[in-house]
Amino acid sequence: MTFATPTPIPSRTQFVLEAIKHAILTAQLRPGQALVETELAAQFGVSKTPVREALKTLAGTGLVVMSQYKGVTVRLVDAAMAREVYDVRLLLEPEALRRSITRKASLDAAQEALERADSAGDKVDRSLANRDFHRALYLPCGNPLLARMLDEVRDQAALVSTVAWAAIPSWEREAAEHREILRLALADDADAAARALHEHIASFVSRAFPEEAETEGDPA
């Protein structure tokens, strides 16, 4: 008799994790929305164990919040959270790009991501391409720890962007800024590219989450 080999739990967990993450970062699951283990298990055709492990991992990355009383919910985005995440990006990402340029690293992946963003058929594809663009700038910086630190806030930054773009669509402006950043990077102007990236990140969060929102406690 031949028995089917069961799928290892880690593989099931990874599948569920990626599916939930994608749903959050493409606004299919909204900030504050409850994530019920039994419902997710039924949806994905798995037991509650991989769902529970996936949610724990997502809590560790800051995409969901686990509460003893409210259960698991998609993380809410407000001005304070946005500035906290983007402050890390402002401190690390321009320096990582500077190093990528200085060491003559290939930026072909950034060019490809930019082209995908320009030709994207919907906001989901455009958002994913924009995430890939930024990662392609810092990943070849030559410091794996620096790249991992930026990876750790990448999902939270994407969640901020998802919420901000829903309120203030600004694709064209950001696409133009991306093109200018890449132009400077390909011209080997590390300082100018780093400054342009810093301004790009700072202007986005200040535009999407102005100071008034923090004062009034009204998320943008």
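This is a predicted model: local features need pLDDT of at least 70, side-chain atom pairs count only at pLDDT 80 or more; totals for chains, interfaces and linings use all residues.

Me: Why is Leu 17 called buried?

Reply: The word buried is used for a relative accessible area under 20%. Leu 17 has 8% relative accessibility, so Leu 17 counts as buried. This residue lies in helix α1, which covers residues 9-25. Leaving aside neighbours within four places in sequence, Leu 17 is in contact with Ala 54, Thr 57 and Leu 58. As for Glu 53, its C-alpha atom is 8.3 Å from that of Leu 17, although the two residues are 36 apart in sequence.

Me: How do you know whether His 200 is buried or exposed?

Reply: The relative accessible area of His 200 is 6%, and since buried means under 20%, His 200 is buried. His 200 lies in helix α9, and, not counting residues up to four places away in sequence, it touches His 134, Glu 174, Glu 177, His 178 and Ile 181.

Me: Why is the pair of Asp 188 and Lys 104 called a salt bridge?

Reply: The cut-off asks for a side-chain nitrogen of Lys or Arg within 4 Å of a carboxyl oxygen of Asp or Glu. The closest N and O atoms of Asp 188 and Lys 104 are 3.4 Å apart, so the pair meets this rule. Asp 188 lies in the loop between α8 (171-186) and α9 (190-208), while Lys 104 lies in the loop between α4 (79-102) and α5 (108-118), so the pair ties together parts that are 84 residues apart in sequence.

Me: Why is Lys 104 called exposed, and why is Asp 188 called partly exposed?

Reply: Exposed means over 50% relative accessible area, and Lys 104 has 59%, so Lys 104 is exposed. Asp 188, at 46%, falls between the limits of 20% and 50%, so Asp 188 counts as partly exposed.

Me: What makes Asp 151 and Arg 135 a salt bridge?

Reply: The closest N and O atoms of Asp 151 and Arg 135 are 2.8 Å apart, which lies within 4 Å, so the pair is a salt bridge. Asp 151 is in helix α7 (residues 144-167) and Arg 135 in helix α6 (residues 123-138), 16 residues apart, so that the pair links distant parts of the chain. Asp 151 has 25% relative accessibility and is partly exposed, and Arg 135 is likewise partly exposed, with a relative accessible area of 27%.

Me: Which separation within helix α8 do Arg 173 and Glu 177 have?

Reply: Arg 173 and Glu 177 are four residues apart in helix α8, and are therefore separated by about one helical turn. They form a salt bridge, with the closest N and O atoms 3.3 Å apart. In the whole structure the count comes to 17 salt bridges, and Glu 95, Arg 98, Arg 99 and Asp 191 are linked in a network of them.

Me: How many cavities of 30 Å³ or more does the structure hold, and which residues are closest to the centre of the largest cavity?

Reply: The structure holds one cavity of 30 Å³ or more, and the largest cavity has a volume of about 300 Å³. Of the 21 residues that line it, the closest to its centre are Tyr 86, Arg 89, Asn 130, His 134 and Ser 161. Helix α7 gives the largest share of this lining, seven residues, and the lining divides into nine nonpolar, six polar and six charged residues.

Key
Residues are numbered from 1 along each chain as its sequence is written. Side-chain values use heavy atoms; hydrogens and water are left out. Helices (H or I, at least four residues) and strands (E, at least two) are DSSP runs, numbered from the N terminus. Buried means under 20% relative accessible area, exposed over 50%, partly exposed in between (1.4 Å probe, protein chains only). On a 1 Å grid over the protein atoms alone, a cavity is a set of points where a 1.4 Å probe fits but cannot get out, and a pocket is an open set with protein on both sides within 12 Å along at least five of seven lines; lining residues have an atom within 4 Å of a point. Grid points are joined across faces, edges and corners, and a volume is the space filled by probe spheres set on the points. Ala, Val, Leu, Ile, Met, Phe, Trp, Tyr, Cys and Pro count as nonpolar, Asp, Glu, Lys and Arg as charged, and the others, Gly among them, as polar. Contact means heavy atoms within 4.5 Å.
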